[in-house]
Amino acid sequence: MMKKIRVALCALLVGCLIAPGAQAQLPAHATNHTVLLNNHTRIVPLRDLGKRTIAYVAPPRTPAWAALGQQLARYAPIEEVVIPADAQAYPAADERLKFHNTIILGIDASDLGNRRLLQFINAQATGKQVILVVLGEGAYLQALDFVNFPILWAPQPTEAAAQQAAMSVFGGLACTARLPRSFSARYATGAGFNTERIRLQYGAGGVVEAPQLGGRIDAIVQEAIRERATPGAVVMVLKSGKVIFERAYGHHTYERRTPTRLSDIFDMASITKIAATTPAIMRLTERHVIDLDSTMGHYLLQAQTTNKDKTTLREVMLHEAGFIPFIPFYRDLKPGDLGPDSSASHAVKVADGCFIRTGYYESVMWPTMLHSKRNAAGAYVYSDISMYVMKEVAEHQTGIPIQDYIQTEFYRPLGMQTAGYLPRQRFARERIVPTEDDKAFRKTLLQGYVHDQGAAMAGGIAGHAGLFATANDLAIYGQLLLNRGEYGGDRYFKAETVDVFSSKQSATSRRGLGFDRSDPDTAKHYPSKLASDATFGHTGYTGTCIWIDPKEQLVYIFLSNRVHPAVSTKLHDLNIRSRIQDAVYESLRVAR
């Protein structure tokens, strides 16, 4: 009896630590019952997300239609518009849709007898791409014999059916189902189009594929929160393109006012190196815009008169250029360098109520890095200066600020909605998980401003830090790498480019080009005692990591704010990130 009570209390405690809405809804093995009709022009699954402005139009938010909208929003930015109950309000709804080029309409099958509604639907197809999702009795489909745009139909108006339809729209699920019987001459028995899965599939696969995984991860994160290693965390695991586990834990702070949610935005810290700067360099390398065996002086005029003139970009990417690890610029600030208000002289915001002198990065920081001490090349010394350099190289060769380049070339086309620099300019403060209560430099709680001091002084945009994102965005990027450069039906990198950058490229360290890798010294168990020797990724100082294992087709993501309210080593001391990764491997092996 006492054992049962202890188990129940443990379950209750874990439930308190897990944030609401923490689990995905669909079993990973669920059969997709969605039938795809009228897909002659292959609009479904949607591609070219970077060129789309998408609206989701549906009846008032019943559970099924709410689930459809929530699932759609995991793939791309969606504006939701409610179908008015009164047909007199259709013109107003039509006006709201004016600036959208892609319309996804959700309709109860029983409403297909509404002629005014059908006119409204048909009007949207003029000059736009329309996809119609119909849930309910198939006999009503005959009312749609006149339409030529794609229809996704499921017989049951349930949340699960709506989620499957949403994943079908974006290629998170492949469509293979057929109409079970004839509903009209056009929609006859056996009608239906096939599609392939081209994006992430979501589902509660942690229960289906690895029964013990959820409990093991819960216990480890519970320990981290209890020991004040971090006030909260998000854990996400992908297996073969399917989200098999995702859960949010704890709170934004130890005051427990704001529960952590899957949609929360975290400071990525050094994950910036591989999710912003490195993909830019990969793109420029494979297009022969830059050559990694050329020198800093070749690409940067300012480097030509320094001791870094002959330093090759390959040495920089491998952290073998002889750079010192970092320069604590914030300790050398002079009176007047910082101010409490924005002005022409202090236009660069480094935190709430804190502005640095305009041009400080260009006139002080960058020249100081270029003229800093350089040791003999060849030895591995991890240095933030490396990615300051590579950002400068990328911007000089593209003529585009790196924050804009990565959005245009990668994030928007991939459907990554939160990833980017300067999140306070794009999202509500409350959605961003706070980091340190900075007592030494900025004298404020950092929420939506990069934790790294140097990146903050550079205006929040640097090659080594400054990126913010959700776990879902990071998962999309991880799957792109696991797919060797392809995602959503589009190719972003040549397969060999991903292979070269992510594989061991150094004779003196485990590193790839930009990417960290599993340590060949198995006694170190880095990043996990069970990770394959092909595993690559990176950690972040704020308590983050992403690891991609091509041999096991795994992506593992852990996001936390272990530096809140002050920097602590407990996350590392308790080995939280690696133990969770161990549990993932062990649970999947048991499940086999």
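1. Eight of its eight residues are buried, so β8 is largely enclosed by the rest of the structure; buried means under 20% relative accessible area, exposed over 50% and partly exposed in between, with a 1.4 Å probe and protein chains only. Both faces are covered, with Gly232, Val234, Met236 and Leu238 buried on one side and Ala233, Val235, Val237 and Lys239 buried on the other. In a regular strand, side chains alternate between the two faces of the sheet.

2. A word on the model before going further. It is a predicted one, in which local features need pLDDT of at least 70 and side-chain atom pairs count only at pLDDT 80 or more, while totals for chains, interfaces and linings use all residues. Residues are numbered from 1 along each chain as its sequence is written, and side-chain values use heavy atoms, leaving out hydrogens and water.

3. Now the partners of β8. The strand runs antiparallel to β9, joined by eight bridges, and Val237 stands opposite Phe245 of β9. The hairpin of β8 and β9 has two residues between the strands, and there Ser240 takes a positive phi near 55°. Seven bridges join β8 to β22 (residues 554-560), again in the antiparallel sense, with Val234 opposite Leu559.

4. Which order do the strands of the open sheet follow? The seven strands run β7-β9-β8-β22-β21-β20-β19, with mixed pairing; two strands pair if DSSP finds at least two bridges between them. β7 (201-202) and β19 stand at the edges with a single partner strand each, so one side of each has no neighbour in the sheet. β7 pairs with β9 (residues 242-250) in the parallel sense over two bridges, and Gln201 has Lys242 as its bridge partner in β9.

5. Beyond neighbours within four places in sequence, Pro527 is in contact (heavy atoms within 4.5 Å) with Ser518, Thr535, Trp547, Ser578 and Gln581.

6. Twelve of the twelve residues are buried, so α15 is largely enclosed by the rest of the structure. After the helix comes Arg484, whose phi is positive, near 60°.

7. On to the nonpolar cores, meaning sets of buried Ala, Val, Leu, Ile, Met, Phe, Trp, Tyr and Cys residues joined through side-chain atoms within 4.5 Å. The largest has 126 residues, of which Leu46, Leu68, Phe170, Met369, Val389 and Ile557 touch the most other members. A second, separate core of 32 residues includes Leu112, Ile121, Trp153 and Tyr187.

8. Finally, the chain as a whole. There are 18 helices and 22 strands. The radius of gyration, taken over C-alpha atoms, is 26 Å, close to the 25 Å from the globule rule (2.2 Å times the number of residues to the power 0.38) for 592 residues, so the chain is as compact as a globular protein of that length. Of those 592 residues, 58% count as buried.

Conventions. Helix = DSSP H or I, 4+ residues; strand = E, 2+ residues; numbered from the N terminus.
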